[in-house]
Amino acid sequence: MHSRDGCTGSVSGSRRHVLATTGGLAAGLVGTAGCLGGTAGVRVLAAGSLAVALENGVGPAFESETGLQYAGEYYGTNAVLRLVEDGTKYPDVVIGADAELLRDRLYPAHTDWDAEFAANEVVIAYAPETALGERLAAGEPWYEVFADADEDAIAISDPDLDPLGYRALLLFELAEREHGLEGFRDAMAERVATVPDEPQLLAGLENGNRACAVAYGNMAAERDVGVRRLDDAYNFGDPAFADRYARASYTTDSGHTVEGSPVVYNATVRTDADTPDAGRAFVSFLLENDALLAEHGLRVDDSLPRFHGEPPEAIEP
């Protein structure tokens, strides 16, 4: 059966087929794991950094508890929102990795509420067997290691498609100010390799093509890579530093300017979703099962969930 998204066949079957043929999510081959086609269930278009958590944790648990099929598809948040705005995709649920960005792009045409449900932080993932990885493992300041990196040895997401990409550039800017590194942001922007597909960001470390990548903490924890945590002053993980994060900004190629902000995921159900009841059931399940998110490296503290706008009565934490 063809859907408005132009996909064919059983969604749940498509997801399992992808997992079987690619060797599974742990192999770093997460992409459009589901197809937002016709299904007796919920269709979710989500930030790529949540692919493993949703495909391996939340999605199967939702199917088991509700009997509704879960169909997920994953891209950088900017790409997710563009696909909704231009009518390329018609998901029931939209999940972003920058709460304000989702509101700026989808309110009021596509929704008028959202629920913040999990947090994250930016880290450096590295291949321990590389020269740069050895220096990071030995405890050298990360910005000194990065300053010595060869071109394309360090990967970031595409800043025009993904908040993780522009957060990498903002990280370089905030570190430049914090440590007095004149010209650090511009030098790193010239030197890094840009990966357009967020779920593929860390694959380069595992196949030997990259030494380091700027990633979210949950993404690095899911892979066999080294991890260097960053100072709260520029890791976008501590709300107490929100004002400092906002001192750096980035303007995308479409002209949208974003300021630095803590990494917070939010979800909403599209106003004209094909199956709004299933969408609301999924968001409620997401809010009620924070342990599933924590198992996949996401942070869910007592301040979450938080609501923006007036959610439907069916949405309850």
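**Close-up A. P108 sits in the loop between α4 and β4.** A cis peptide bond links Y107 to P108, with omega at about -15°. Helices (H or I, at least four residues) and strands (E, at least two) are DSSP runs, numbered from the N terminus. This is a predicted model, in which local features need pLDDT of at least 70, side-chain atom pairs count only at pLDDT 80 or more, and totals for chains, interfaces and linings use all residues. Residues are numbered from 1 along each chain as its sequence is written, and side-chain values use heavy atoms, without hydrogens or water.

**Close-up B. L304 and P305 are also joined by a cis peptide bond.** Here omega is about 5°. P305 belongs to the loop between α13 (290-295) and β13 (306-309).

**Close-up C. The whole chain, for orientation.** The chain contains 13 helices and 13 strands. It has 317 residues, and 56% of them are buried. Buried means under 20% relative accessible area, exposed means over 50%, and partly exposed lies in between (1.4 Å probe, protein chains only). Take the contacts in the chain with a separation of 6 or more: 75% join residues 24 or more positions apart. Contact means heavy atoms within 4.5 Å.

**Close-up D. Helix α3 (residues 77-85) is mostly covered.** Seven of its nine residues are buried. They are T77, N78, A79, V80, L81, L83 and V84. Which elements do the buried residues of α3 pack against? The partners are the strands β1 (41-47), β2 (69-75) and β3 (93-96), together with the helices α4 and α7. Just after α3 comes G87, whose phi is positive, at about 80°.

**Close-up E. Helix α8 (residues 184-191) has the buried residues F184, R185 and M188.** These residues lie on the same side of α8, because they cover an arc of only 95° around the axis. The arc is taken from the directions that run from the helix axis to the C-beta atoms. An α-helix has 3.6 residues a turn, so residues three or four places apart point the same way. The face of α8 turned away from the buried side carries D186 and E190, both exposed. The buried residues of α8 pack against α6 (142-147), β6 (154-157), α7 (163-179) and β10 (249-251).

**Close-up F. The largest nonpolar core holds 94 residues.** Such a core is a set of buried Ala, Val, Leu, Ile, Met, Phe, Trp, Tyr and Cys residues joined through side-chain atoms within 4.5 Å. I95, W142, F172 and F282 touch the most other members. Helix α7 gives the largest share of this core, nine residues. What does W142 contact, apart from its neighbours within four places in sequence? Its contacts are I124, L136, L171, F172, A175, F184, R228, L230 and Y234.

**Close-up G. D152 and F236 have positive phi although neither is a glycine.** For D152, phi is about 70°. D152 is placed in the loop between α6 and β6. For F236, phi is about 60°. F236 is found in the loop between β9 (226-229) and α11 (242-245). Is F236 buried or exposed? F236 is buried, with a relative accessible area of 0%. D152 is partly exposed, at 34%.

**Close-up H. The largest pocket has a volume of about 250 Å³.** Of its 18 lining residues, P239, P262, V263, V264 and R306 are the closest to its centre. On a 1 Å grid over the protein atoms alone, a pocket is an open set of points with protein on both sides within 12 Å along at least five of seven lines, a cavity is a set where a 1.4 Å probe fits but cannot get out, and lining residues have an atom within 4 Å of a point. Points are joined across faces, edges and corners, and a volume is the space filled by probe spheres set on them. Both α4 (99-106) and β4 (113-119) supply at least two lining residues. The largest share, three residues, comes from α4. By class, the pocket lining has eight nonpolar, three polar and seven charged residues. Ala, Val, Leu, Ile, Met, Phe, Trp, Tyr, Cys and Pro count as nonpolar, Asp, Glu, Lys and Arg as charged, and the others, Gly among them, as polar.

**Close-up I. The structure has one cavity of 30 Å³ or more.** How much space lies in the largest cavity? The answer is about 90 Å³. Its lining has 13 residues, with V52, P199, M219, E222 and R223 nearest the centre. Eight of the lining residues are nonpolar, two are polar and three are charged.
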